[in-house]
Amino acid sequence: MTTDNDAQEPGQDPSSPGGGIAALATPPSDSDSVTTDGFSTHRSASRRGYWIALTALMLILFEQVAMGYAMVTPVLPALAAGFHTSEIAWALTAWGLSGAVLTPLFGKLADLHGKRRMLLIALAITALGSAVCFSAPNFAVFLVGRVLMGVSTTMGLLIYALMRDIFPKRYLGLAISVTYTGVGLFSIAAPFIAGGLNDAFGFHAVFGFLCGYPFVCAVIVLFFVPESSVRVHSKVDVPGLVLLAAGASGLNLGIGQGGTWGWLSPLTLACLIGGVVVLVLWLVYERARRDNHPLIEFDLLKSRAVVALMFAGSLIVSLASLYSILNFTLLQMPVIHGVGFGLTTAGAALWTFGGGIAGLAGGLSVGTLAKRTGFRFLLVCGSVFIGVVAVYLAFQHTHPWQLITATILFGLGGGAVAGVMPNLVVENVPSHQQGAAGGLINLAQGVGGSVWTQLLFTVMLSTVVTFANGTPVYNNASFVAGYLFTAACAFAGSLLALLIPRHKQQLTE
């Protein structure tokens, strides 16, 4: 999403969830005496108003993180058992695909109608989706709810864009840092909340919590967060969004069901080939309307840095989700042939707690490390480090200390990598194109991440031992294959990251 300010000041794109390119965004005003859109003009009152608004927006960002994987991934085993399904990957994929398509749509609508207004609409739809998941009688209805919950992915874009518009420059940098750190702390707490609710009341309680939370956030926004006055005329590319959704969904369906239907079955081939064909048609359509508000800016695809960040990011950003899926599945699976730990959801969260703390530390260390190594080098090394940890776990995952140690090491690498990606966009893309580039990279990450998640479950199901009430029971080979697949994604991402141009003068210097 772009605004008039994008052409005036170097800044970050607010489209990146959880920190993104927004960290260097520039607000409309840097005045100490004049504030924007509802904040008091009195200095002390203004400062208090900013902190209240910041707290409200940070609470909403927790909603985005919780919806995606922080509170859902820990209960995947319970979901699979409750719905008697081996297709549990769709609980994450449906959310991710929906978010990838809806994020550019909500960005356009926010330009036209206001960022706070669209944020409130996103909260309402998210609550509705959670309610559907809470009351779902079967897995198909549950997935409808997850599609609706995908709207939560737009909240990062809307929040950082809104912060850029309503916060003076003197507050914005600190506000972004506080928000990023706060979301990191929430991410650590989320598995414990999900675990406690699931163990005490069942997985439905988790979605009951996720249903009520948006209403609390909406009330806070209504009273304490002003609307932005920035408006940009923009057209909504509905046909482009439909083609993107159809193509990505077909591709994911073919990957997800290939093991069940047969990889050479007509239905699987129809989904795979049809998905690719529709995505190609989408690209042709977007290119044909490049001068009429297309969904993506094709000129950006001429940039080696943007293309490398798209493909490397789609792999590297998905690593945290892949790793969490494997860990929570392994920790909660009953001990069968020496594999599994039979923990409760809350117990599994306790075992992964060190990784969350390490991830926060890794993210906070990015600025210091990058001054010495550069962002690209840090991304490559971080990805390789994660890959090595995943390879280790592929063959050493039967004792508690192995998993706990590896999780801490993974957290350090994962936190550093997450903090590097936004800075690489700022470093490699001109300021007036950072909004469009950030949206394109996020789109690639959303669609790509859903594909890697489906492939992970496909790899694991290929070696599954048996099914109990429709729920897969994995053997040691399943986890070996899963961790090796994660390592392969990490190594592939590091190789693609080498294509990002090297900068002699680092952004941090």
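Close-up 1. Asn475 caps the N-terminal end of H19, with a side-chain oxygen 3.2 Å from the backbone nitrogen of Ala477. This is a predicted model, in which local features need pLDDT of at least 70 and side-chain atom pairs pLDDT 80 or more, whereas totals for chains, interfaces and linings use all residues. Residues are numbered from 1 along each chain as its sequence is written, and side-chain values use heavy atoms, without hydrogens and water.

**Close-up 2. Cys133.** The structure holds zero disulfides (pairs of cysteine sulfur atoms within 2.5 Å). The closest cysteine sulfur to that of Cys133 belongs to Cys211 and is 9.8 Å away, too far for a bond. Cys133 is buried at 0% relative accessibility, where buried means under 20% relative accessible area, exposed over 50% and partly exposed in between (1.4 Å probe, protein chains only).

Close-up 3. Rings of Phe, Tyr and Trp (its six-membered ring) pair if their centres lie within 6.5 Å; planes under 30 degrees apart are stacked, over 60 edge-to-face and the rest tilted. The count comes to eleven aromatic pairs. Phe139 and Phe142 form a stacked pair, 5.9 Å centre to centre with 15° between the planes. Both residues lie in helix H5 (residues 139–149), three residues apart.

How values were computed:
A polar contact is a pair of N or O atoms within 3.5 Å; within protein, one must be able to donate a hydrogen and the other to accept it, and residues adjacent in sequence count only if both atoms are side-chain atoms. Helices (H or I, at least four residues) and strands (E, at least two) are DSSP runs, numbered from the N terminus.
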